Amino acid sequence: MDAMNCPRCRKVFVKRADPLCPVCMKEEELIYEKVREYVKDHPECMIKEVADACGVTVKRILSYLRDGRLSTSKGMHGELLCSKCNKPILTGRMCEKCILETNFMVQDMKNDAAIKNRGQVYTKRK
Ligand SMILES: [Zn+2]
Ligand SMILES: [Zn+2]
């Protein structure tokens, strides 16, 4: 079994799927719950306000939003922006339009690969 240092408390723990040791994971979970509850009660709050109220950093709130773990009906007053076009978004990393565009691009690439593969199979069989 692999052991690793917890990046949060520096304690050694047995490596598993979680990035932190069990104690820290539990604490992180509690912090997340607190943030989520606060945002639920204050849907029009600013990120800074949530951070202050819950005793966490603005960066952490942003990462919750980007991971899609947190969302607000008002989109945190446009504080979270699409990573592609900089349009204000409610949650995640990109706006719906950019997500669609990206999905199309991925789909195109897959189609290209499929066509190429078919071509290879064809030449092999010849
Ligand atoms: Zn830890
Ligand atoms: Zn966008």
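Lys 97 is exposed, with 12 other C-beta atoms within 10 Å (a residue counts as buried if 20 or more other C-beta atoms lie within 10 Å of its own, as exposed if 12 or fewer, and as partly exposed in between, with C-beta atoms placed from the backbone). Lys 97 belongs to helix α5, residues 96-125. Helices here are DSSP runs of H or I of at least four residues, strands are runs of E of at least two, and both are numbered from the N terminus. Cys 85 stands 12 residues from Lys 97 in sequence, and their C-alpha atoms are 9.4 Å apart in space.

The model is a predicted one, in which local features need pLDDT of at least 70, side-chain atom pairs count only at pLDDT 80 or more, and totals for chains, interfaces and linings use all residues. Residues are numbered from 1 along each chain as its sequence is written, while chains are lettered from A and ligands numbered from 1 in the order in which they are written.

Turning to the overall layout, the protein has five helices and two strands, and its elements follow the order β-β-α-α-α-α-α from the N terminus. Of its 126 residues, 10% count as buried. Among contacts with a separation of 6 or more, 23% join residues 24 or more positions apart; two residues are in contact if their C-beta atoms, placed from the backbone, lie within 7 Å.

The helix pairs come next. Helix α1 (residues 22-41) and helix α2 (residues 47-54) have axes that come within 10 Å and cross at roughly 130°. Such axes are lines fitted to C-alpha atoms, for helices over the stretch in contact, and the angles run from 0 to 180 degrees between N-to-C directions. The two helices, α1 and α2, are therefore oblique to each other (angles under 35 degrees count as roughly parallel, over 145 as roughly antiparallel, 65 to 115 as roughly perpendicular and the rest as oblique). The crossing of α1 and α2 is right-handed; a crossing is right-handed if the near helix is turned clockwise from the far one by less than a right angle, and left-handed if anticlockwise. On the α1 side, Ile 31, Lys 34, Val 35, Tyr 38 and Val 39 meet Val 50, Ala 53 and Cys 54 of α2. Seven of the residues in this contact are nonpolar, none is polar and one is charged (Ala, Val, Leu, Ile, Met, Phe, Trp, Tyr, Cys and Pro count as nonpolar, Asp, Glu, Lys and Arg as charged, and the others, Gly among them, as polar).

Helices α2 and α3 have axes that come within 8 Å and cross at roughly 115°, and they are therefore roughly perpendicular to each other. This crossing, too, is right-handed. Ile 47, Lys 48, Val 50 and Ala 51 of α2 make the contact with Val 58, Ile 61 and Leu 62 of α3. Its residues divide into six nonpolar, no polar and one charged.

What makes up the largest nonpolar core? This core has 10 residues in all: Val 35, Val 39, Ile 47, Val 50, Ile 61, Tyr 64, Leu 65, Leu 70, Leu 80 and Ile 89. A nonpolar core is a set of buried Ala, Val, Leu, Ile, Met, Phe, Trp, Tyr and Cys residues joined through C-beta atoms within 7 Å. At least two residues of this core come from each of α1, α2 and α3 (58-66), and α3 gives the most, with three. In soluble globular proteins, nonpolar side chains tend to be buried together.

The loops also deserve a look. Cys 45 sits in the loop between α1 and α2 and is partly exposed, with 19 other C-beta atoms within 10 Å. Apart from neighbours within four places in sequence, Cys 45 contacts Val 39 and Val 50. Thr 72 lies 27 residues from Cys 45 in sequence and 8.8 Å from it in space, C-alpha to C-alpha.

Most residues other than glycine have a negative phi. Arg 10, not a glycine, has a positive phi of about 70°; Arg 10 is in the loop between β1 (3-5) and β2 (12-14) and counts as exposed, with 8 C-beta neighbours inside 10 Å. Asn 86 likewise has a positive phi, near 65°. The loop between α4 (75-78) and α5 holds Asn 86, which is exposed, with 9 other C-beta atoms within 10 Å.
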